[in-house]
Amino acid sequence: MSEVITALLERRSIRNFKPDQIKASELETIIKAGQFAPSAANQQSWHFTVVQNSDLLTRISKAIRNIFLQSGNPAYVERAKAENFSPFYHAPTLIIVAGDQKSIAPEPDASLALGNIQLAAHALGVGSVWVHSLRQLFTSEEGQALNQELKIPEGYTIFGSAALGYNAGATPTAPPRKEGTVTTIK
Ligand SMILES: Cc1cc2nc3c(=O)[nH]c(=O)nc-3n(C[C@H](O)[C@H](O)[C@H](O)COP(=O)(O)O)c2cc1C
């Protein structure tokens, strides 16, 4: 089987990270893979913010924790109460993907870039997980205060993020595939 197909089938979400930072060369390749994703009309509507500063990561984590605590959603509240809470599982690198709201399809563009990022990371032996909650960051004042530091361009919205680092645990097995998700018409 081709290496690409193997990577597609074997990549899993990693939620237990070593504190060691990933190599600069790995990060460069991972970002490049994101930049080479397909995009509507080749608008490349994305913007990548790489955060490797532990103080900033801690402040983002705290802002998300407070959003969860005030969400009124019992599952989120419970999760945020955990002493060890981190929306990105204490990963040493976070890549936030934002998209230009004025472009044709910013969310699909950003999602494809994130998919490439996760696959490239896997191919290089770097674990990753998609972290959805970053989308909510700017719904709180605390989160908005981080806006300038994160340098998300004006008019861009966060569509997702990937936590990255070396896997500190066992490789998870793939969840079973749902039945009945394919219709073929010939
Ligand atoms: C749009 C999207 C949002 C996700 N958000 C989160 C998240 O916030 N936290 C998390 O731990 N995993 C998140 N995931 C990862 C999924 O839970 C994971 O992909 C799924 O359980 C299948 O497992 P696998 O990635 O190992 O195949 C997200 C995945 C996608 C595509």
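Residues are numbered from 1 along each chain as its sequence is written. In this predicted model, local features need pLDDT of at least 70, side-chain atom pairs count only at pLDDT 80 or more, and totals for chains, interfaces and linings use all residues, while side-chain values use heavy atoms, with hydrogens and water left out.

The ligand is surrounded by R11, R12, S13, R15, Y89, V129, W130, V131 and H132. By class, the shell holds four nonpolar, two polar and three charged residues. Here Ala, Val, Leu, Ile, Met, Phe, Trp, Tyr, Cys and Pro count as nonpolar, Asp, Glu, Lys and Arg as charged, and the others, Gly among them, as polar.

A polar side-chain atom of Y89 lies 2.4 Å from a ligand oxygen. For R15, a side-chain N or O atom is 2.7 Å from an oxygen atom of the ligand. H132 uses its backbone: an N or O atom there lies 3.0 Å from a ligand oxygen. On its own, the ligand has 620 Å² of accessible area, and the protein covers 62% of this. Accessible areas come from the Shrake-Rupley method with a 1.4 Å probe.

In UniProt, an unreviewed entry carries the annotation "domain: Nitroreductase" for residues 9-166. Such annotations may be inferred rather than shown by experiment. The span is 41% helix and 18% strand, and its end C-alpha atoms lie 19 Å apart. Helices (H or I, at least four residues) and strands (E, at least two) are DSSP runs, numbered from the N terminus.

Two pockets were examined. A pocket is an open set of points on a 1 Å grid over the protein atoms alone, where a 1.4 Å probe fits, with protein on both sides within 12 Å along at least five of seven lines; lining residues have an atom within 4 Å of a point. The largest pocket holds about 230 Å³ of space. Of its 15 lining residues, S54, L57, T58, F88 and H90 are the closest to its centre. The lining divides into six nonpolar, seven polar and two charged residues.

The second largest pocket holds about 170 Å³. Its lining includes R15, Y89 and H132. α4 (74-81) and β3 (127-131) are the elements that give two or more residues to this lining. β3 gives the most, with three.

Note on methods: Near = heavy atom within 4 Å. Polar contact = N/O pair within 3.5 Å; in protein donor to acceptor, adjacent residues only side chain to side chain. Points joined across faces, edges and corners; volume = space filled by probe spheres on them.
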